[in-house]
Amino acid sequence: MPDSFNYTAFFDLDLTLTSETSGRLLARHAYKKGLMSESDLIKALWLSFAYRFSLMDPVKIVNKMASWVKGINEKDFNELADEILANTLLPSIYSQAAEEVNRHKNNNAATVILSSAPEYICKNVAKYLGINDVECTVLEVKDGF
């Protein structure tokens with residue numbers, strides 16, 4: 001990002017820019033497509049509950065949440081994310097949030113999504129809204145998995 005911005009405006013993704021929770025959408029759709037086991041789905045629901053009520057360290061929750069994707073083909077994950085983005089996540093962006101992003105951009109602010117959501121999701125929402133940068137969860141990919 002250029003150094004010529006007046007300030008930086010940070011935006012969370014889930015339930016701030018959108019009315020949806022990307023992790024919940026990913027888990028639900030991954031389970032329906034056979035990419036996630038029933039036990040992993042139950043674990044994800046528990047972790048979501050623990051996160052919402054601050055029952056565990058958020059970093060540990062994010063790391064445990066991401067464990068279900070181990071061994072999933074990157075192409076399959078990205079196709080799942082594309083489907084969620086197109087059908088649910090992008091349409092759920094609050095109009096007021098998009099206006100707020102634009103207001104900051106018009107005031108010469110750098111705009112950043114700061115989220116625990118996966119990079120692939122965040123980058124696509126950022127591109128859609130014209131947001132400058134993302135700081136989010138980056139999943140390790142080895143040999144396409």
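Me: Which helices each supply at least two residues of the lining of the second largest pocket?
Reply: This is a predicted model, in which local features need pLDDT of at least 70, side-chain atom pairs count only at pLDDT 80 or more, and totals for chains, interfaces and linings use all residues. Residues are numbered from 1 along each chain as its sequence is written, and side-chain values use heavy atoms, leaving out hydrogens and water. Helices (H or I, at least four residues) and strands (E, at least two) are DSSP runs, numbered from the N terminus. The suppliers are H5 and helix H7 (119-129).

Me: How much space lies in the second largest pocket?
Reply: On a 1 Å grid over the protein atoms alone, a pocket is an open set of points with protein on both sides within 12 Å along at least five of seven lines, a cavity is a set where a 1.4 Å probe fits but cannot get out, and lining residues have an atom within 4 Å of a point. Points join across faces, edges and corners, and probe spheres set on them fill the volume, here about 530 Å³.

Me: What is the volume of the largest pocket?
Reply: Its lining has 29 residues, and Asp14, Thr21, Gly23, Met65 and Ser116 lie nearest the centre. The volume is about 680 Å³.

Me: Which helix gives the most to the lining of the largest cavity?
Reply: The largest cavity has a volume of about 50 Å³. Its lining includes Met36, Asp40, Lys64 and Trp68. Helix H3 (38-52) and helix H4 (58-66) each supply at least two residues. The most, four residues, comes from H3.

Me: What is the angle between the planes of Trp68 and Phe77?
Reply: The structure holds three aromatic pairs. Rings of Phe, Tyr and Trp (its six-membered ring) pair if their centres lie within 6.5 Å; planes under 30 degrees apart count as stacked, over 60 as edge-to-face and the rest as tilted. Trp68 and Phe77 are both buried. Their pair is tilted, at 6.4 Å centre to centre, and the angle is 50°.

Me: Why does His29 count as buried?
Reply: His29 lies in helix H2. Contact means heavy atoms within 4.5 Å, and beyond its neighbours within four places in sequence His29 is in contact with Leu80, Glu83 and Ile84. Buried means under 20% relative accessible area, exposed over 50%, partly exposed in between (1.4 Å probe, protein chains only). His29 is buried because its relative accessible area is 19%.
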